[in-house]
Amino acid sequence: MAELSIDIGGLTLKNPVMTASGTFGYGTEFDDFFDVNTLGGFVVKGTTLHSRQGNAYPRMAETPSGMLNAVGLQNGGVKYFISSIYPRLLKYNTHILVNVSGSTVEDYISCAEQINELKHISAIELNISCPNVKEGGMAFGTSCPAAEAVVKAVRKVYHQPIMVKLSPNVTDIAEIAKAVEASGADSISLINTILAMAIDAESRKPVLSTITGGLSGPAIKPIALRMVWQVYQAVKVPIVGMGGIMNAKDAIEFFLAGASAVQIGTANFIDPLVTQHTILGIDNYLERHKFKSIKDIIGCLQL
Amino acid sequence: MKKLVQNLQVISNRRLNKDHVLLELKSEIPLEGILPGQFANILANGSHQVFLRRPFSIYQVNYKCNSISILIKVVGEGTSSLSMSVTGDTLSVIFPLGAGFTLPEKKSKLLLVGGGVGVAPLMLLASLLKQGGHHVDILLGARSSEDLVVMENFAEFGFVHTTTEDGTHGVKGYVTDHPIFGLNLDSYDKIYSCGPEPMMKAVARLARTNQVSCEVSLENTMACGYGVCLCCVTETTEGHRCVCTDGPVFEINQLKWQN
């Protein structure tokens, strides 16, 4: 067995496989399927200061090798999370991250202050990249000054590691990555979904109630790999790669591009056990290629 | 019963008409306590256009064989691929999912109303209601007589009535045109319904007018089937709720269907 543990900006993961926010609920939904503690960590559903009903149905469209979603950060708000969900997470002994989103910098600060009090939450993933909310969200992740403002403000009030989740809907991902690194991010996760749309030719209507939504799944993997590679050249903080990972081979590609860990998202919908197969497959790959540790392949793309 | 993700073996595939098949799938491990109205999310082979699983009501359970049956209507590439499964194939199935129908506690007079392929979850329900000694009337609606694909199977569990849009079987028209929805609807203790949404809304309206309790099983497009993607929501009196976990069965007063 190869060494799978890895440090991600202040977090030591037992293996480099995490699950992506919005695809893993609060972890408990998977208890019937497997022992969630086998994961390097998991990121719970996007949490906002106030509760959100999310967008109207239809919120989902199946597209070639992927899907669009326009959920719109439906969640009970941070207070509900603390009172009703957090107690149920205390049974887990792996890293739990809360994905935090907001419409204003003040929202992010208030959310982060409250999560700072939760001992069993290892880190926050700062979501400056949600394409499905009218205000805030992605707007913070598509300009360097806005991204800096959020990360700096949260850095002041949150004393555990901060992972910043970047949007791919930008001209130059490396510039944003450098900006969030300089503002205090401990690690960077990418990519969030790609702004996209689906049309029903028969009815001549958009499939989603919101017209546009976020594309995920294998369709976006080549874009995600390219962006991880670009960010790897630009920053020193560890990178958590995601975007269309369906198996260990996909995950390995992300490590080679420069990711220190990966998040599996949409694949959880299709195979609830995908993380288990991926962890095993990464170990097999390392053994097969005679690498002692996952660290031996990070950014080791042969050029 | 716990949610499982399993490779189930196809032990039979019965073609019922040009676009309906009944698949029987066998589990390696004993099945227990599957509720009527619960569903299975099945992975279909296909081109890159078929990415997500396809949800189907559990039509029947055979605890002796550890098998479940699934009624499939071919509507696209995913269902077409599943309909061509042959004995010995294995299919990846996540089941049993969702909340099922509520069974009555005391002896009751019950009406089951199914439209099209929406009759699927009513078969397991009808068999359990019959076992429970209830009076069961079953009203099946379809476009045409050839679409009443499992009518004979229902006859074992209750009194079957039919409507067809073209008048080729039973009363001509929609299910709500059947005299069962006439003067004595309030003689029923409860109505259970599954079918196209306009049909269920019409049934719900009549149930409400006659003050008969009514449960409906909804169908929405979904990605996961177990409450994590939050894509399949429906509007309820308590806000957006997932059809896959809070449903697919809802009591009509939970739904915002008043208009």
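View 1. Helix α5(A) itself covers residues 173-182; helices (H or I, at least four residues) and strands (E, at least two) are DSSP runs, numbered from the N terminus. Its buried residues are Ile173(A), Ile176(A), Ala177(A), Ala179(A), Val180(A) and Glu181(A). Here a residue is buried if 20 or more other C-beta atoms lie within 10 Å of its own, exposed if 12 or fewer, and partly exposed in between, with C-beta atoms placed from the backbone. Among the elements covering these buried residues are α4 (144-157) and α6 (221-234) of chain A.

A word on reading these views: this is a predicted model, in which local features need pLDDT of at least 70 and side-chain atom pairs count only at pLDDT 80 or more, while totals for chains, interfaces and linings use all residues. Residues are numbered from 1 along each chain as its sequence is written, and chains are lettered from A and ligands numbered from 1 in the order in which they are written.

**View 2. Strand β14 of chain A and its partners.** Four of the five residues of β14(A) (residues 212-216) are buried, which leaves the strand mostly covered. Strand β6(A) (residues 66-69) runs antiparallel to β14(A) and is joined to it by three bridges; two strands pair if DSSP finds at least two bridges between them. Look for Asn69(A), whose bridge partner in β14(A) is Gly214(A). Strand β11(A) (residues 194-197) also pairs with β14(A) in the antiparallel sense, over four bridges, and here Met197(A) has Thr212(A) as its bridge partner.

**View 3. The open sheet of chain B.** Seven strands line up in the order β11-β10-β9-β8-β12-β13-β16, with mixed pairing. At the edges lie β11 (171-172) and β16 (249-251) of chain B, each pairing on one side only. Helix α2(B) packs on the sheet, touching β8, β9, β12 (190-194) and β13 (213-217) of chain B, and its direction makes about 165 degrees with that of β8(B). Such angles run from 0 to 180 degrees between N-to-C directions, with axes as lines fitted to C-alpha atoms, for helices over the stretch in contact.

**View 4. Strand β9 of chain B with its two neighbours.** Six of the eight residues of β9(B) (residues 135-142) are buried. Seven bridges link β9(B) with β8(B) (residues 109-115) in the parallel sense, and Val113(B) stands opposite Leu139(B). From β8(B), the chain passes through helix α2(B) (residues 120-131) to β9(B) in a right-handed β-α-β crossover: with the strands pointing away from the viewer, the path from the first strand over the helix to the second runs clockwise. Strand β10(B) (residues 159-164) runs parallel to β9(B), with six bridges between them; one pair is Asp137(B) with Phe159(B).

**View 5. Where chain B meets chain A.** Here 24 residues of chain B are in contact with 26 residues of chain A, contact meaning that two residues have C-beta atoms, placed from the backbone, within 7 Å. On the chain B side, β14 (233-236) and β15 (239-242) are the elements that give two or more residues. This side has 13 nonpolar, eight polar and three charged residues. In this grouping, Ala, Val, Leu, Ile, Met, Phe, Trp, Tyr, Cys and Pro count as nonpolar, Asp, Glu, Lys and Arg as charged, and the others, Gly among them, as polar.
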